[in-house]
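Here is a short briefing to read alongside the structure. The points are grouped by topic.

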Amino acid sequence: MEHVSNWLLLAPAGAFVVSAMLLFVIDSFDPESKHDTLLAAVTTAGAAVAMVISAALLLSGTADSGVELFGGQLVVDGMSLVFTFIFGSVTALVGLASADYIEDLPHKAEYYLLILLAATGMSLMASANSLAVVFVALELASLPSYALVAYLKTNRGSVEAALKYFLVGALSSSILAYGISLIYAATGSLLLPDVAAAAGEASELYTGVFGIGILMVLGGFAFKTASVPFHFWAPEAYEGAPAPVSAFLSSASKAAGFVVAFRVFVVAFPIDSVAGSVDWVLAFQVLAVLTMTLGNFAAATQENVKRMLAYSSIGHAGYVLIALAALTGLGDQGLVLGSGMLHLLVYGFMNTGAFLFVALAEYWNVGRTFRDYNGLGKEAPVACVAMTVFMFSLAGLPVGGGFLSKYFLIVGSVGAGVWWLGAVLAVNSALSLFYYSRVVKAMWIDEPDEPREIERYPTALYVAIVAAAVVTVALLPGILVFDSAAFDAAAALL
Amino acid sequence: MAGVFAYAPAIAALPFVSFVVALLAGKYMPKKGALAGIIATAGSLGLSIAVLVTVFLGETYNETLYTFVGGDVPFELTFGLLLDPLSAAMLVIVSLIAFLVHVFSLGYMNDEGETGLPRYYASLGLFTASMLAFVFSDNLLMAFMFFELVGLCSYLLIGFWFRRAGPPSAAKKAFLVTRFGDYFFLVGVVGVLTTFGTAQFAGENGFPALAETVLNPETTADAVNTFGFEPATWFAILGLLVLGGVMGKSAQFPFHTWLPDAMEGPTPVSALIHAATMVAAGVFLVARMYGFYALLPTVLAVIAFVGGFTALFAATMGVVKNEIKQVLAYSTISQYGYIMLALGTGGYVAAFFHLTTHAVFKALLFLGAGSVIIAMHHNENMWDMGGLKDHMRVTYLAFLSGSLALAGIFPFSGFWSKDEVLYEALVHGLGGSPLLLGAYAMGLAAVFLTGFYTIRMVLLTFHGEARSDTAEDPHGVRWNVKFPLAVLGILAAVIGFLNPLPIKKLTGLEVDFLHQFLDSGPEALLTSSHHYSGLTHDYAGYSVGTIGGGEIVTLLAGAGASLGLALLGAGLAFALYRGAEPTRHTEKLGGLQTLLMHNYYQDEYQVWLAEGLTLRLSGAADTFDQGVIDGVVNGVSSVSLFSGDRLRRLQTGIVTNYAALIVLSLLVLLGVFAALGGWF
């Protein structure tokens, strides 16, 4: 029986669940409520509470050594708190921005509910300490996501994207489930520490079975993180979905995939024991290079801003994969893994902000391509300044936290003896500057084809964008608050 | 009383606030930011005096206040304050001069209706703030940072009139030449940090103390990283690297070329640069880390020779100049040469003494020149002046006091300090380091030239008949010009009595106040002057020698020689340039005049270095960049766009294709790893 206070460590996930329940209640008493601000407020407040609690727990060091719950099925440690913080912040921004975006659409309560349930699933993914929980939590996060992508029911693009997303997701889930079953067959356990204990023996006795299992699990996670070759759903889903949902999926859902990958591979498959069966570090190195390169190259040729962001999001998944690909046992491994977490943290703000700007553009019906953004800087300078910050920070220029987190990734990979991964990152970042600055150029320099007039400036969406921009910039110096937390969390895991 | 140290950071913070105020709100203020600057520097002056008194009473302060890179790193990077006799005295000098320059600027800038005043006062405030912070820095890295800020501000101020042709170019030159020296300084800072793991100036854990324990054969020290060199050799390299920055800032040969051009800036700025900030920063740094230099005989000899040579070399050029500020500029270079000479010959106190007196009389001379320039409607040519003494009494008397001090005429302040500098060089040269006698000889020769050009300047400017219409009817100046001149004029006459060494030696009275003050302070800081003389004695082999019948004879011979030469120079100038209509005599020098007027073609060869060599190298690099690098980059971008386009086609939009691709790639992955892992 765990101590009662340990249950408090699940409070961030609890905050998501409680606010989801609250929305249930509101919806049952007042279906098709006209009080849309109430729904958005509950969502944002719940997410903000989750964010604050996880930050407080993280900085207080309560869970530094990791606390196991439910007989080891769940674990709360530094890493899970860092990621719950990311989920909380992204959900809060998305919830706030959605207030304006879905103003005129039906089924608002369901929309917010699905977001909160997905967030619950993600926070469970961050704490999952057994392969069974991993699978269930991953599905809890995925199923609401499919529905959210299809939220624009009358829009063919939205529905088609959701169906593709669901089909690829189903395929990936089956691969993951099959992989898990093979691992259970080889090791006799689903609990990550027990899998690790049996890994050495399993890779000797059941080399092939165990190896196939690990690679299939890797494939399942690659789906969630939108890594090559499981990325096909991502451009379509991000483009078809309502823009706040794209923000949610590309930031929070991707981070959730990574936290699970981090924990499962680092805890359950210690590379020393499983290297005889499958060298998953090498596999991640291949995936990282492919994902970075494919994402950025494809992004460079897009004409549609949202689709460009979708591909750039794949590229960023490749950057974060370095955190796993550089676990060579050399250098400061805590720095390697921690830099991946930091990049996801910063990415949670800058990428969410960028998609929310697209949401704003959709709200104004200015169009989807780079050309359509021409001259927006004159009409909406505040939002365009924020977008400029997001773009440059995503490219890794020192205007926002993106510079430092990329810097840490490069330092980590150089320290781990895989400097070439850092070099690929640097080359890809240089390429990404090209397409990111196209947005900036369109907004500030190019003249619009025809004069346009913006009539309404949605407050909540603006607040969300500006907040994301402020945090992105503040993370440049402020990352120092988090870097020791992230590095410690990573070191504790290793 | 020690509580005043808690407020010491405000000494630099106050002028910084005035910088912010002048920058943001200057144009709305009645005097465009001048009042903020005056109040701030007055506050700094007050606090500095309080600090000086506290230090005088025996308290010192050496604390780290802020660690900006700390924790698990090989060495910490910190900000802190070191308030010992040296820095306390320097703080008073800097804030006093800065205060007077601010007041004077009211007359020179505001009354003359200049535009851009908020910018001017903002730069002046930042300039003062960075110099003050440099002075109380407790470690080399912090000193370097503020050293650079000082350089930046001098760039801003020299180029203040950026719409004219000259000032921007002079500002660039000052910036580039000093920056060239600072490269070496920066490498030196990094070297000191990696060698000792600390850049603290004072105390047992300071790098001078660590270097001493390494070099001392009687103590066993923790090994420091000397990169495979002998410790003494490596320390000498470090010392020379830092010296690069010092020589750039203090305008020592061959980096002196920026300083005469810097006259393009407003005259109050010249006063500040020459007397108390920019140029003083260099020599102050040597004094600040004297515990390190005192261990290195080779570097000391280099310092002494550079100083002696610069003193003589600059003085020869000052002889032929026609513009009042040019003469002063070369005199500054020459006088800083003396300070370097003193530092190189083990005269730590003498160096700081000359720094002090020079700060006073050179600020005075520049402000006096500024007053003359106001009167002459911004004509600086001395041949257009003449007869001004009857029109501007206060300026004339103050300027005369400063000139006599500069020329080293008894009993004005310059005499005492210059005499002590030369005395230190002489006795240490006699006492077993005969090389130093060469530097001494150059310094002595420069005394003659100094006397000559100083008196020539006074005669041409103030005496004789007016040689132009403006000189007939000069423009008047107000209290805000006269007040600083009066203060400094009196100080220039009397400040030599801070440390009249000959009086002490002759009468036995304990009147060497500055010496006693610099010798006070707790032993633990290891910054007292007797500690330094111990070091120069033990490590550099400096000891005191005499001629004839002992110390008194040596003293009198040295003082007599320098005073005699100064009087001789002054007398020659008086003979040549007195009378109502002085004639030009420089033509008589023939080819030598051309050489001197062209400053020994120093600028020409440096321009050749910049244009002939560097520019061509850069051109080659540019060709390489445009052709090869850009070619590669353009190639890469075409390839990326092409392959990006291909990749895009992979995304067919048909979900069955996706499923097939996913499964196929998973199978490929499995196949490759199966082969690698030997599963079959």
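**Helix 9 against helix 11 in chain A**

In this predicted model, helix 9 of chain A brings Val217(A), Phe221(A) and Lys224(A) to a contact with helix 11 of chain A. Helix 11 of chain A answers with Ser253(A), Ala256(A), Gly257(A), Val260(A), Ala261(A) and Val264(A).

- By class, the residues of this contact are six nonpolar, two polar and one charged.
- The axes of helix 9 of chain A and helix 11 (residues 243-268) of chain A come within 8 Å. They cross at roughly 155 degrees.
- An angle over 145 degrees counts as roughly antiparallel, and the two helices are therefore roughly antiparallel to each other.

**Where chain A touches chain B**

- The contact between the chains involves 25 residues of chain A and 22 residues of chain B.
- On the chain A side, helix 7 (156-187), helix 9 (207-224) and helix 13 (280-300) each supply at least two residues.
- Helix 9 of chain A gives the most to that side, with six residues.
- The side of chain A that touches chain B has 17 nonpolar residues, six polar and two charged.

**Chain B overall**

- Chain B holds 27 helices and two strands.
- Of its 680 residues, 55% are buried.
- Take the contacts in chain B between residues at least 6 apart in sequence: 81% of them join residues at least 24 apart.

**Nonpolar cores**

- The largest nonpolar core has 229 residues. Ile97(B), Val283(B) and Ala363(B) touch the most other members.
- Helix 15 (residues 348-375) of chain B gives the most to this core, with 20 residues.
- Which residues does Ile97(B) contact, leaving aside its neighbours within four places in sequence? They are Leu272(B), Ala275(B), Ala276(B), Ala359(B) and Ala363(B).
- Another core, of 222 residues, lies apart from the largest one. Its members include Val82(A), Leu117(A), Phe284(A) and Leu493(A).

**Confidence**

- The model scores ipTM 0.87 and pTM 0.65.
- Chain B averages a pLDDT of 83, and 97% of its residues score at least 70.
- Within chain B, confidence is highest in helix 4 (residues 117-135), at a mean of 90.
- Confidence in chain B is lowest in helix 25 (residues 591-597), at a mean of 72.
- Where pLDDT is low, the predicted coordinates should not be read in detail.

Key:
Residues numbered from 1 in each chain as written. Chains lettered and ligands numbered in written order. Predicted model: local features only at pLDDT ≥ 70, side-chain atom pairs only at ≥ 80, totals over all residues. Contact = placed C-beta atoms within 7 Å. Helix = DSSP H or I, 4+ residues; strand = E, 2+ residues; numbered from the N terminus. Nonpolar A, V, L, I, M, F, W, Y, C, P; charged D, E, K, R; others polar. Axes fitted to C-alpha atoms, helices over the stretch in contact; angles between N-to-C directions. Parallel < 35°, antiparallel > 145°, perpendicular 65-115°, else oblique. Buried ≥ 20, exposed ≤ 12 C-beta atoms within 10 Å, placed from the backbone. pLDDT = per-residue confidence, 0-100. Core = buried A, V, L, I, M, F, W, Y, C linked by C-beta atoms within 7 Å.
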